[in-house]
Amino acid sequence: MNPELADSPFLRACRRRPVPHTPVWFMRQAGRSLPEYRAVREGVPMLTACATPDLIVEITMQPVRRYGVDAAIFFSDIVVPLKAIGIDLDIKPGVGPVVADPIRDATAVETLRPLEPGDVPYVTEAVRALTGELGATPLIGFAGAPFTLASYLIEGGPSKSHDRTKAMMYGEPRLWHALMDRLTGITIGFLRVQAEAGASAVQLFDSWVGAVAPEDYREFVLPYTSRIFAVLADLDIPRIHFGVGTGELLGLLGEAGADVVGVDWRVPLDEAARRVGPGRALQGNLDPAVLFAPWEVVERRAADVLARGAKAEGHVFNLGHGVPPGADPGQLARLTDFVHETSAR
C-alpha cells in the first residue's frame, strides 16, 4: 500500500488514529440518486452491470468525483457471489434479489460450492483498475454476511419477517449450520478476491440480522461472522461490520472481531460506543431520511452525530443506512463539505 493511501483520513480513523478531519463516505453513494448513474445504467440489468468492469469502475468513481468523499465503495451487489457459483437468481427492479429455487433441504445446501477467483474475473479486473484511478482514496470491498444471504436463499427473495429463515434456524439447526458454513466460505472468498486485487478495507453487510434476538445471534450467527473476520485478519486491512436494526446486538457485533462497527440511526453514537466496547472504531449514523429535510435540519443533525462520534475511539461519518434513491445529490455534496469543515482539527 502506498504511504499516501495508508495515511488517508478514512484508514486512519478505521485504525483509531488521529485524523485531520472526520472522514465521510455514504453507503449506496454510487447509485440511483445520481443522474449520471441512471444514465449509464439505462437498459442494463443490475447483474450485467455488476459483471462489466468498465461499468463497475465508472459507477464506483461517480460519487468520488461528485462529492469528494474519503472512500469509494466497490459497485456490486451482495448476491453477485451466489450468481457466480451458479445459483439461479435475478435482481428484479423494485423488488430485489429473487431466487428461482429456494434452498430448504440438505440436497440444495450441497449445491453451494466454494467461490474461486476465476468465478469473478470482472471483480479482480475492476478493483485493479479502480485502485489505479483512485490513487490516495481508499477503495472499500464488500460482501453480504451469511445470515442475510441465507435469508434471501431460504425465503426466495426479500422478506419482512424472515419466518422461513428463522424456522430453519430454530427447527433444523443442523441444516442451518451446514448452510451458514458454506455461505461463510463463499463470503470469505469474495472479500479475499477484492482485498488481494487491491481494496484497502472490507465491509460485511448483514442487512437483515436485526431480526435476530441476541441469544440467537450468539448461537446461530456469531460463530460465522467471527470466522470471517478471523480468517481475513492476515490481510492487515480494516474490517467493517454493519447491520440494520442491530441496536440490541452492538456488543455482539463488536465481539465478532471487526475493526469498525457500523451503527444505524436508531442508537446515538455515544451510546453505541458504550455498547460496542473499547478497541473498535464506529461508523455512522445520520438517519438517511434527514436528507429530505431543509438544510438547517441536516446541518444540526450532522453536527450532533459528529459530537457524539467524538466519544468513540475512531469515527467514520456515514448514514445509518444507504442513500435513498430520491435523495438530492446537492444535499450530499453539502453534507460532505460540512463534515470536513466542522471536524477539521
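Visitor: To begin, how many of the residues of helix 9 are buried?

Guide: The count is 10 of the 10 residues, so helix 9 is largely enclosed by the rest of the structure. Buried means under 20% relative accessible area, exposed means over 50%, and partly exposed lies in between, with a 1.4 Å probe and protein chains only. Helices (H or I, at least four residues) and strands (E, at least two) are DSSP runs, numbered from the N terminus. This is a predicted model, in which local features need pLDDT of at least 70, side-chain atom pairs count only at pLDDT 80 or more, and totals for chains, interfaces and linings use all residues. Residues are numbered from 1 along each chain as its sequence is written, and side-chain values use heavy atoms, with hydrogens and water left out.

Visitor: Which residues of helix 9 are buried?

Guide: They are Pro146, Phe147, Thr148, Leu149, Ala150, Ser151, Tyr152, Leu153, Ile154 and Glu155. Just after helix 9, glycine 156 has a positive phi of about 90°.

Visitor: And which residues of helix 13 are buried?

Guide: In helix 13 (residues 222-231), the buried residues are Leu222, Tyr224, Thr225, Ile228 and Phe229.

Visitor: What covers them?

Guide: The cover over the buried residues of helix 13 includes helix 9 (146-155), helix 11 (173-197) and strand 5 (201-206). It also includes helix 12 (214-220), strand 6 (239-243) and helix 14 (250-255). Contact here means heavy atoms within 4.5 Å.

Visitor: Turning to the nonpolar core, which residues touch the most other members?

Guide: In the largest nonpolar core, which has 130 residues, these are Phe10, Tyr217, Phe317 and Leu335. Helix 11 supplies the largest share of this core, 12 residues. A nonpolar core is a set of buried Ala, Val, Leu, Ile, Met, Phe, Trp, Tyr and Cys residues joined through side-chain atoms within 4.5 Å. In soluble globular proteins, nonpolar side chains tend to be buried together.

Visitor: What does leucine 335 touch?

Guide: Not counting residues up to four places away in sequence, leucine 335 touches Phe26, Leu286, Leu291, Trp295, Val298, Ala302, Phe317 and Leu319.

Visitor: Now the cysteines. How many disulfides are there?

Guide: The search of the whole structure finds 0 disulfides, a disulfide being a pair of cysteine sulfur atoms within 2.5 Å. Cysteine 14 is buried at 2% relative accessible area, and cysteine 50 is buried at 1%.

Visitor: And how many salt bridges?

Guide: The count is 16 salt bridges, where a salt bridge is a side-chain nitrogen of Lys or Arg within 4 Å of a carboxyl oxygen of Asp or Glu. One of them pairs arginine 16 with glutamate 313, with 2.8 Å between the closest N and O atoms. This pair links distant parts of the chain, 297 residues apart: arginine 16 is in the loop between helix 2 (9-14) and helix 3 (35-41), and glutamate 313 is in the loop between helix 16 (295-309) and strand 9 (315-319). Arginine 16 is partly exposed at 37% relative accessibility, and glutamate 313 is partly exposed at 40%.

Visitor: Which parts does the salt bridge between glutamate 255 and arginine 218 tie together?

Guide: The closest N and O atoms of glutamate 255 and arginine 218 are 2.8 Å apart. Glutamate 255 lies in helix 14 and arginine 218 in helix 12, so the pair ties together parts that are 37 residues apart in sequence.

Visitor: Where do arginine 308 and aspartate 304 lie?

Guide: Both lie in helix 16, 4 residues apart, about one turn of the helix.

Visitor: Finally, how much space lies in the largest pocket?

Guide: The largest pocket holds about 1,200 Å³ of space. Of the 42 residues lining the largest pocket, Arg28, Arg32, Met46, Asp77 and Ile91 are the closest to its centre. Strand 2 gives the most to this lining, with 3 residues. On a 1 Å grid over the protein atoms alone, a pocket is an open set of points with protein on both sides within 12 Å along at least five of seven lines, a cavity is a set of points where a 1.4 Å probe fits but cannot get out, and lining residues have an atom within 4 Å of a point. Grid points are joined across faces, edges and corners, and a volume is the space filled by probe spheres set on the points.

Visitor: How many cavities are there of 30 Å³ or more?

Guide: The search finds 1 cavity of 30 Å³ or more. The largest cavity has a volume of about 40 Å³, and its lining includes Leu5, Thr131, Leu134 and Ser200.
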